[in-house]
Amino acid sequence: MNGILSYEFMQNALFAAILASIVCGLIGPFIVARKMVFISGGLSHTAFGGLGIAYWLGKQGLMFTIRPIYGATVFVLAAALFLGSLEEKKLNQNDLFIGILWAVGVAIGIVFVHLTPGYAPDLMSFLFGNILTVPRTDVAIMFVIVLIVVVTVAIFYKGFVAISLDEEFARARRLPVYGLKTGLTVLTALTIVTLIQVVGILLVIALLTIPVAIASELSINFRKIIALSIVSGIAICLLGLYISYSIDFPSGASIILTGGILLVIVKGLKGLAKLKKTALFP
Amino acid sequence: MGSIIQVESVTYGYGKRPVLEDVSLTMLERDFILIIGPNGGGKSTLLKLILGIITPWSGKISFRGDTKNRLGYVPQSAGFNRSFPISVLDMVRTGCIHGDNYLKQSSRESTEKSRAILQKLSLADKLDENITDLSGGELQRVLIARALVADPVALFLDEPTTALDIASQTDLIDILNELQQKMSIVVVTHDPTPYTHIYRHLACLNTSLYFHERGELNETTLEKVYGCPVELLGHGIPHTLLPSHQEVKKP
């Protein structure tokens with residue numbers, strides 16, 4: 001293990017993985033409890049449209065530099081606020097619009113990549129992710145974003161839990177539900193745009209869901225679910241990175257598959273424990 | 001007994017269709033109002049308007065003192081989302097927070113209050129159970145505990161007996177009977193039978209509201225509310241519509 005960590009790119013990957021696990025473990029339980037996983041998938045794919053446009057603009061010789069991630073940020077935030085306002089108006093068409101944003105976002109991205117002369121390696125890394133190429137500066141940006149998310153969740157924790165478990169009841173308790181929901185959606189959007197440049201769109205969805213699924217098998221206390229999501233996220237990433245390095249597998253895919261296998265193991269062990277308990281005390 | 005909630009000429013609807021038109025209602029201290037009426041008549045909507053979950057198109061809802069901030073709500077347990085695994089204690093604790101205190105509510109205080117209310121409702125042994133593993137009756141009591149933990153002056157229950165067996169219904173009525181000594185209660189229901197002995201006022205709602213003192217009902221009023229003939233049974237509470245009643249053939 002020491003040998004692996006002597007490389008700077010591996011150190012960066014390690015830091016990025018830990019930060020990604022913290023932010024996803026913190027936001028993931030709220031997303032799963034609010035049944036927003038599909039929204040997260042939609043938002044992360046919508047980002048691809050913004051990435052494509054910004055990439056194309058960046059090659060137009062403008063006076064200022066446009067980094068692809070700027071486009072992704074604008075697209076994801078706009079999509080998040082649009083979906084939030086639809087839900088507030090009770091139009092019950094969120095599923096429909098998420099699907100449309102998902103597909104149109106990717107299509108816009110592909111069209112603008114096509115319009116841009118030359119090969120666009122950066123965009124491919126956004127889609128599939130390559131945690132092994134994360135520069136130190138991006139790790140620093142991630143750290144700042146993680147700090148913002150941690151502080152915001154710490155302040156509004158009780159409100160976020162209340163709206164995630166029963167939104168109607170939260171309204172009856174006169175909580176500022178629209179504000180809390182918008183805050184949570186913006187945090188989700190922020191998490192997604194920060195992470196897609198380091199771990200890829202697919203790994204973002206995996207890190208938002210698999211650790212929560214493992215944690216919910218182990219606890220039914222919301223705080224513990226958050227803590228366990230962070231811990232299992234870190235375990236999945238480190239193990240996945242080690243496997244990727246050892247057998248020369250793509251890093252993102254190794255991490256996701258490790259998570260999937262761990263989830264199956266945890267579920268299997270829990271099932272066995274339940275079976276043993278019922279057999280002993282029928 | 002003074003009034004604690006006053007609903008004045010409230011109108012509300014979905015899309016362009018009004019569900020409630022010019023509805024007025026007075027709720028007294030330690031009142032027990034039963035709201036009955038056909039599907040789509042606006043029963044749950046009226047509850048949500050009083051609770052502030054939705055805002056009326058027109059009209060006014062006024063509250064005495066801090067009553068507005070001390071309303072307890074028990075939603076329909078049948079439609080309650082139980083997909084996320086969470087402990088009974090965590091669920092009840094969410095009842096402690098309010099728009100005014102959610103940023104500063106002490107976790108220790110809310111835990112202690114939640115434990116105490118669960119103990120009162122004979123749910124002390126369910127504290128660490130997953131809400132997904134509870135029976136319908138247990139979930140109903142947990143939702144009542146969540147509503148009671150903030151010490152409300154009025155409790156609103158939406159179809160509380162729908163998913164319950166007879167034993168759980170009896171338990172619920174006992175709980176409501178005891179609570180009635182301390183607070184006002186509003187129950188929205190399709191079937192008023194279990195509440196025959198404890199309600200004080202009856203509100204028949206079908207877009208318009210017909211408010212009655214206990215025992216003031218007659219078949220003409222009910223026909224107006226339900227839009228079809230309704231048979232009044234011995235205890236004076238309507239719960240059988242004639243058309244469906246006639247379909248049951250005697251052996």
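Predicted model: local features only at pLDDT ≥ 70, side-chain atom pairs only at ≥ 80, totals over all residues.
View 1. Strand 3 (residues 32-36) and strand 8 (residues 201-206) of chain B run parallel and are joined by four bridges. Strands of a sheet pair through backbone hydrogen bonds, in either a parallel or an antiparallel manner.

View 2. Six strands of chain B, in the order 5-6-7-3-8-9, form an open sheet with mixed pairing. Strand 5 (71-74) and strand 9 (208-213) of chain B are the edge strands, each pairing on one side only. From one strand to the next, the twist averages 15 degrees. Helix 1 (residues 43-51) of chain B lies across strand 3, strand 5, strand 6 (154-158), strand 7 (184-188) and strand 8 of chain B, and runs at about 150 degrees to strand 6 of chain B. Helix 4 (residues 136-148) of chain B also packs on the sheet, where it touches strand 5 and strand 6 of chain B; the direction of this helix makes about 165 degrees with that of strand 5 of chain B.

**View 3. Phe156(B) and the largest nonpolar core.** Not counting residues up to four places away in sequence, Phe156(B) touches Leu47(B), Ile50(B), Leu51(B), Leu71(B), Gly72(B), Tyr73(B), Val74(B) and Val186(B). The largest nonpolar core has 149 residues, of which Ala20(A), Ala47(A), Val76(A), Val204(A), Ile35(B) and Phe156(B) touch the most other members. Helix 2 of chain A provides the largest share of this core, 14 residues. Domain 1 (1-55 + 152-251) and domain 2 (71-151) of chain B each contribute at least three residues to this core.

**View 4. Surroundings of Ala72(A).** Ala72(A) belongs to helix 4 (residues 68-88) of chain A. Ala72(A) is buried because 32 other C-beta atoms lie within 10 Å. Apart from its neighbours within four places in sequence, Ala72(A) is in contact with Ala47(A), Gly50(A), Leu51(A), Val193(A) and Ile196(A). Between the C-alpha atoms of Ala72(A) and Leu272(A), which are 200 residues apart along the chain, the separation is 44 Å.

**View 5. The contact between chain A and chain B.** Chain A gives 20 residues to the contact and chain B gives 21 residues. On the side of chain A that touches chain B, helix 2 (8-33), helix 7 (136-165) and helix 8 (167-172) of chain A each supply at least two residues. Helix 7 of chain A accounts for the largest share of that side, six residues. By class, the side of chain A that touches chain B comprises twelve nonpolar, three polar and five charged residues.

How values were computed:
Residues numbered from 1 in each chain as written. Chains lettered and ligands numbered in written order. Contact = placed C-beta atoms within 7 Å. Nonpolar A, V, L, I, M, F, W, Y, C, P; charged D, E, K, R; others polar. Core = buried A, V, L, I, M, F, W, Y, C linked by C-beta atoms within 7 Å. Buried ≥ 20, exposed ≤ 12 C-beta atoms within 10 Å, placed from the backbone. Domains from an automatic or database assignment. Pairing = 2+ DSSP bridges. Axes fitted to C-alpha atoms, helices over the stretch in contact; angles between N-to-C directions.
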